[in-house]
Amino acid sequence: MTIKRTLKLIHLTGTLFFLASIAFILVLALRQRDVSWWIIFSLSGHTALMGLLLISVYLFAMFRGVSGSPEVNEHPLTSSAYYMLFYVCSPYLGLAAGIIAMYDEPSARSFLLGVSLGTFCATFVGWVIVDPLVGLIESVLPASRRHKAVRLEAAHKEKEKNEAAKKLLIEQVLKAEDISRNEWKEELSVHAEKLASLVICGSDVDDAEAVAASIGVKAWRMGGLTCMKFLHEMTMDACRVRGDKDGVEFVDRVSVWWDGIGRWQNTSIV
């Protein structure tokens, strides 16, 4: 078993023992006030559920901290194995102190109460007072500040590296798209003129729709929806040129003829 897994196990059992100590102290205090057992049991269900939820979140964060291994450590003391061992063993230190203090106590209730109080006090002092205070002091030391500066610099360089990679990827995509558009323009210019003739001249609807559909299928196979949109733009430009030249108004029939081909949708009804 590795050191990290051992620390996790010790911390888990210590936390459970700490909770058991708190529960014993609370129940004993309520019984001393003559609170009936059925009231204690009715309150313990909701309290146990909330406590389990909070402890689960705490243990998850703690285990992530124990298992993490950052390249740049801003807290070399509080993240060291010796300090982590002291941290997770705080309940057991209180347990040992309580047993030593109550060793000669004849009453079992008093003995358990003393052990529970020792566990609670030692854990509270170690986790709530000592640990935050040591972490605060350590964070303002020169070594920790240097580690932080190194970490921020490394994060900045990593961000710049990612941005450069994204920029390069975008440039490659745009370059590939320009190459594709040039190839499409060279191969589909004839089809664009054909479609423009069908739109302007108003040929037989059935024949025109079949021819336009076959051209749309070809564009779809060449480059999907992007290629179809590119061919549609070329067709509309050709229609405008012919319309201005001959003084003829035209309607975008291509969108209707292509409706249902690939992922093309008629823009007039979308």
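Biologist: At 44% relative accessibility, does Asp 237 count as buried, partly exposed or exposed?

Modeller: Buried means under 20% relative accessible area and exposed over 50%, with partly exposed in between (1.4 Å probe, protein chains only). Asp 237, at 44%, counts as partly exposed. This is a predicted model, in which local features need pLDDT of at least 70 and side-chain atom pairs count only at pLDDT 80 or more, while totals for chains, interfaces and linings use all residues. Residues are numbered from 1 along each chain as its sequence is written, and side-chain values use heavy atoms, leaving out hydrogens and water.

Biologist: With which side chain does Asp 237 meet in a salt bridge?

Modeller: Side chains of opposite charge can pair when their charged atoms come close. The criterion is a side-chain nitrogen of Lys or Arg within 4 Å of a carboxyl oxygen of Asp or Glu. Asp 237 meets Arg 240, at 2.9 Å from N to O. The two are separated by about one helical turn because they lie three residues apart in helix H7 (residues 205-246). Arg 240 is partly exposed, at 43%.

Biologist: How many salt bridges does a search of the whole structure find?

Modeller: The search finds two. In the other pair, Lys 157 and Glu 153 bring their closest N and O atoms to 3.5 Å. These residues are four apart in helix H6 (residues 142-201), and therefore about one helical turn separates them. Lys 157 is exposed at 51%, whereas Glu 153 is partly exposed at 45%.

Biologist: How many disulfides does the search find?

Modeller: A disulfide is a covalent bond between the sulfur atoms of two cysteines. Taken as a pair of cysteine sulfur atoms within 2.5 Å, the search of the whole structure finds zero. Cys 89 is buried, at 18% relative accessible area, and Cys 239 is buried at 0%.

Biologist: Where does H5 bend?

Modeller: Helices are DSSP runs (H or I, at least four residues), numbered from the N terminus. H5 covers residues 108-139 and bends by about 35° at Val 130, with Pro 132 following within four residues. The bend is the angle between axes fitted to the seven residues ending at a residue and the seven starting there.

Biologist: Which residues of H5 are buried?

Modeller: Among them are Gly 114, Val 115, Ser 116, Trp 127 and Glu 138. By contrast, Val 128, also placed in H5, is partly exposed, at 45%.

Key. Expected span 1.5 Å × (residues − 1).
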